[in-house]
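Please keep the sequence and the model at hand while reading.

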Amino acid sequence: MMSLPYEVEILLRATLGTLAVGIFAVVFGLILKGIDRKVHARMQMRIGPPVIQPFRDIKKLLHKQTIIPENAVRSIYNNAPILAFAAAIAVMVYLPLGPFSPLLAEGGDLILVLYLLIIPSLAMVAGGFASGSPYATVGAQREMVLMMSYELPLASVVVAVAWKMSSLGFGSSAFTFPVIMSFPVWEHVGAVGAIGAILLLITILSVLPGEMSKIPFDAPEAETEICGGLLAEYSGRNLAMFMLADAVKIVALGTFVIALFFPWGLTPTLERTLDVDIHKYFGWVIDFLFYMFKLIVLLVAAVTFPRTGFSRIKIDQITDVYWKRFGAVALVGVFLLLLDLQVL
């Protein structure tokens, strides 16, 4: 049997792997959106839509007419949803999925993922401005302010974790996910450093609703105020693409937080508790299911609970919260990690 050239084989694996990762991210992302809506409704003493409702919404949008505003810049307006979706998928191929290493583990690290996470939001901003709608323009302006607000605390957390790995002697490899997951920050800090790590965890959890534009940080969309803001003029397939990009981004952000702070699998614990050797492939299944469970818990705790318990805050208040409060919390966490190193 003739074997494929090495370059062709690598390209084929990358293509099929990206396709598999993309399908998983879309499907599970829509399920997470359904769980979020269901739990949110239950907390408000409502029945709520079924978990599969996001799938029905996407199907309905794909069959509806795509309307382009008369004053829109057509090329940007139509390509912005595609860019947002493609960028969200690109993030996923650089992230570890539970027990599985990133598809492109050797091609990207924390910093690359940090930059890629910005692109879906930038695409929405471009689409909002290109639509020619005053509501979308206001939403785009707010989205830019929101992005600048949460980037400081988010970058502080990423740099702190990578710096901790670097202090353990990993050098430039400190920014790679395999190193971070193999040496969890919690296992290499003392009491002072643990407090700092907790503050960093609180900070990044506060960033998740902002990255997803969920209440209380949903000022860029604000349906009851600016009629959906960024997405006010989008419909049909274009709106469906933005919804799919949002679903994939939910999985990407959750995976990002899990890789930094909760990278453990369930298989080693089961082996120690039951005193058995679990087959490698069966262990992969267990750890992958555990990873999905962690994503669900993280979404409910960091996104569903806050949007149920709090009301929307104004854009100037969002800036104040992220820059002054959570920014300060992140810097204190970084300082405690540094102090912990000196103590140790």
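## Basis of the model

The model is predicted: local features need pLDDT of at least 70, side-chain atom pairs count only at pLDDT 80 or more, and totals for chains, interfaces and linings use all residues. Residues are numbered from 1 along each chain as its sequence is written, and side-chain values use heavy atoms, with hydrogens and water left out.

## Helix α1 and the nonpolar patch

Helices are DSSP runs (H or I, at least four residues) numbered from the N terminus. Helix α1 covers residues 6-43 and, with five residues, gives the most to a nonpolar surface patch. The patch is formed by L12, L16, L19, I23, V27, I52 and F55, which together have about 610 Å² of accessible area. Its members must have over 30% relative accessible area and no salt bridge, and nonpolar side chains (Val, Leu, Ile, Met, Phe, Trp, Tyr) are joined within 5 Å. A salt bridge is a side-chain nitrogen of Lys or Arg within 4 Å of a carboxyl oxygen of Asp or Glu. Areas follow the Shrake-Rupley method with a 1.4 Å probe, and for residues only the protein chains shown count as cover.

Apart from neighbours within four places in sequence, K33 is in contact (heavy atoms within 4.5 Å) with P54, K214, D246, A247 and I250.

## Helix α3

Helix α3 (residues 74-92) has 19 residues, and its first and last C-alpha atoms are 29 Å apart, close to the 27 Å expected at 1.5 Å a residue. That expected span is 1.5 Å times one less than the number of residues.

At A80, α3 bends by about 30 degrees, and the proline P81 follows within four residues. The bend is the angle between axes fitted to the seven residues ending at a residue and the seven starting there. Buried residues of α3 include Y77, A80, P81 and F85.

## Loop residues

F175 lies in the loop between α6 (134-170) and α7 (177-182) and is partly exposed, at 27% relative accessibility. Beyond its neighbours within four places in sequence, F175 contacts D109, L110, I111, A162 and I180.

M45, in the loop between α1 and α2 (53-63), is exposed at 77% relative accessibility. S213, in the loop between α8 (191-211) and α9 (223-226), is buried at 8%.

Conventions
Patches are made of residues with over 30% relative accessible area and no salt bridge: like charges are joined within 9 Å, nonpolar side chains (Val, Leu, Ile, Met, Phe, Trp, Tyr) within 5 Å. Helices (H or I, at least four residues) and strands (E, at least two) are DSSP runs, numbered from the N terminus. Buried means under 20% relative accessible area, exposed over 50%, partly exposed in between (1.4 Å probe, protein chains only).
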